[in-house]
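Thanks for passing this one along.

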Amino acid sequence: RKPKAKGRPGNIALDVARPLFESGPHHKFKEYKTNMLNKEEVKSMPPVLFFDSKHDNPDQDTVIMSSYPRSGNTLLRAWLEKTMGVVTGSDCDITKKLNQELMSMGLAGEGLVDKRVWVVKTHYPERYGKTRFYSERCLLLVRSPLDAMTSLFNMVCSGSHDKSISDDDFKKFP
């Protein structure tokens, strides 16, 4: 039996209202797996749903998506959600402004690491997330360090995921 995710002190991620999850419908993992392996042509994009966590899913491995910050994990998570119809999670602290922004932008699984999500984003070992969890598989996302650092500088200076500082601001810091 796999250990369950444990929240760190002060973690409220499991207590936050998630209307998309609470109003269902939900994917059943076995059905989802069967349909994804179907070779028929995809006729439309699937709806984005959480997995049904009320049933034990022994076939459902948790996949950790690990990257240095600003390496494209938000873009990849959004793409996975839109193309596969599966909500992705993260080990972040959802009381933080930037993580709340991601939730408002549509990433409904922020702060979740349980069986409602299949792929969980983390920046470990660069930093520890709010929730400790276990995974069976890993997806390592790598971006050019110079591009990632420039993007991280932009995010820290602007305090936003989707805004940038002006080119004049870069000139102030040679």
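1. In what order do the four strands of the open sheet stand, and is their pairing parallel or antiparallel? The order is β3-β4-β2-β6, and the pairing is parallel. Two strands count as paired here if DSSP finds at least two bridges between them. Helices (H or I, at least four residues) and strands (E, at least two) are DSSP runs, numbered from the N terminus. The edges are taken by β3 (89-90) and β6 (137-141), each with a single partner strand, so one side of each is left without a neighbour in the sheet.

2. Before going further, a word on the ground rules. This is a predicted model, where local features need pLDDT of at least 70 and side-chain atom pairs count only at pLDDT 80 or more, while totals for chains, interfaces and linings use all residues. Residues are numbered from 1 along each chain as its sequence is written, and side-chain values use heavy atoms, with hydrogens and water left out.

3. Now the chain as a whole. It holds six helices and six strands, and from the N terminus on the elements run β-α-α-β-α-β-α-β-β-β-α-α. Of its 174 residues, 39% count as buried, where buried means under 20% relative accessible area, exposed over 50%, and partly exposed in between (1.4 Å probe, protein chains only). Taking contact as heavy atoms within 4.5 Å, residues 24 or more positions apart account for 77% of the contacts with a separation of 6 or more. The accessible surface comes to about 10,900 Å², and 59% of it belongs to carbon and sulfur atoms; such areas come from the Shrake-Rupley method with a 1.4 Å probe, and for residues only the protein chains shown count as cover.

4. Back to the sheet, pair by pair. β2 and β6 are joined by five bridges, and Met65 stands opposite Leu139 in β6. Four bridges join β2 to β4, with Ser66 opposite Thr122 in β4. Between β3 and β4 there are two bridges, and Ser90 has Lys121 in β4 as its bridge partner.

5. β4 deserves a look from both sides. Val119 and Lys121 on one face and Val120 and Thr122 on the other are all buried, so both faces of this strand are covered.

6. Which strands does α3 lie across? They are β2, β3, β4 and β6, and the helix runs at about 150 degrees to β2. That angle is taken between N-to-C directions, on a scale from 0 to 180 degrees, using lines fitted to C-alpha atoms, for helices over the stretch in contact. Leu80 lies in α3 and is buried, with a relative accessible area of 12%. Leaving out residues up to four places away in sequence, Leu80 touches Gly85, Val86, Thr88 and Val119. Val48 is 32 residues from Leu80 in sequence, and their C-alpha atoms are 9.6 Å apart.

7. How many salt bridges does a search of the whole structure find? The count is five, a salt bridge being a side-chain nitrogen of Lys or Arg within 4 Å of a carboxyl oxygen of Asp or Glu. One of them joins Asp61 and Arg137 (3.0 Å, N to O). Asp61 lies in the loop between α2 (29-36) and β2 and Arg137 in strand β6, so the pair ties together parts that are 76 residues apart in sequence. Asp61 counts as buried, at 18% relative accessibility.

8. Another salt bridge links Arg77 and Glu110, with the closest N and O atoms 2.4 Å apart. Arg77 belongs to helix α3 and Glu110 to the loop between α4 (97-104) and β4, so this pair ties together parts that are 33 residues apart in sequence. Both Arg77 and Glu110 are buried. In the salt bridge between Asp114 and Arg116 (2.9 Å, N to O), Asp114 is partly exposed at 23% relative accessible area, whereas Arg116 is buried at 11%.

9. Two backbone details are worth checking in the viewer. The peptide bond from Tyr124 to Pro125 is cis, with omega near 10 degrees; Pro125 sits in the loop between β4 (119-122) and β5 (131-132). Arg70, in the loop between β2 (63-67) and α3 (73-84), has a positive phi of about 70 degrees although it is not a glycine.
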